[in-house]
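Colleague: I would like to learn how to read this model feature by feature. Please begin with the fold and end with the confidence.

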Amino acid sequence: LRQLTIKVIPLFEAHFLLPMAGNLCAWLTPVLLTIGCVALVINLLHARKVNKSLSDDIENSQAELQVASVDATAKDEQVASLNANVKTLTDEKNQIQEQLNQLTAQVTELQAGKDILA
């Protein structure tokens with residue numbers, strides 16, 4: 001019986017205790033790989049979310065740029081129209097000033113003629 005006990009204990013150690021140390025590596029590696037895969041999937045989902053957000057921002061910026069371009073074109077046309085109006089009014093003012101100068105000269109001549117006759 002003693003010999004049987006001596007033979008059983010090393011057999012127990014060989015079959016159960018040593019493989020448990022190997023089992024640690026056997027289950028630790030898949031767990032670490034699973035954690036790594038989960039981290040990669042989370043990173044992938046986050047990157048997709050950020051990319052979608054950036055794409056939306058780019059689309060919004062392009063739409064705003066198009067609106068600003070249309071507004072700028074309208075403002076340029078308005079400025080050109082106002083410049084034409086200013087030029088027209090300046091020309092009219094100069095013509096009226098010329099007529100006023102001529103009339104003032106005529107009045108001065110008539111007053112000088114009236115003073116001579118009087």
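Modeller: The protein has one helix and zero strands. Helices (H or I, at least four residues) and strands (E, at least two) are DSSP runs, numbered from the N terminus. This is a predicted model, in which local features need pLDDT of at least 70 and side-chain atom pairs count only at pLDDT 80 or more, while totals for chains, interfaces and linings use all residues. Residues are numbered from 1 along each chain as its sequence is written, and side-chain values use heavy atoms, with hydrogens and water left out.

Colleague: What percentage of the residues is buried?

Modeller: Buried means under 20% relative accessible area, exposed means over 50%, and partly exposed lies in between (1.4 Å probe, protein chains only). Here buried residues make up 0% of the 118 residues. The protein exposes about 10900 Å², of which carbon and sulfur atoms supply 66%. Such areas come from the Shrake-Rupley method with a 1.4 Å probe; for residues, only the protein chains shown count as cover.

Colleague: Which residues make the nonpolar surface patch?

Modeller: A patch takes residues with over 30% relative accessible area and no salt bridge; like charges are joined within 9 Å, nonpolar side chains (Val, Leu, Ile, Met, Phe, Trp, Tyr) within 5 Å. In this model Trp27, Leu28, Val31, Leu32 and Ile35 make a nonpolar patch of about 480 Å². Leu28 lies in helix α1, residues 2–117, and counts as partly exposed because its relative accessibility is 35%.

Colleague: How many salt bridges are there?

Modeller: A salt bridge needs a side-chain nitrogen of Lys or Arg within 4 Å of a carboxyl oxygen of Asp or Glu. The count by this rule is two. In one of them, Lys52 pairs with Asp56, with the closest N and O atoms 3.8 Å apart. Lys52 is exposed at 53%, whereas Asp56 is partly exposed at 31%.

Colleague: Why are Lys52 and Asp56 separated by about one helical turn?

Modeller: Because they are four residues apart in helix α1. Asp91 and Lys87 are likewise four residues apart in helix α1, so about one helical turn separates them. They form a salt bridge with closest N and O atoms 3.4 Å apart. Asp91 is partly exposed at 36%; Lys87 is exposed at 55%.

Colleague: What is the mean pLDDT?

Modeller: pLDDT is the predictor's confidence in each residue, from 0 to 100. Its mean is 84, and 78% of the residues reach 70 or more. Over residues 1–6 it is below 50, and this stretch has zero contacts (heavy atoms within 4.5 Å) beyond near neighbours in sequence.
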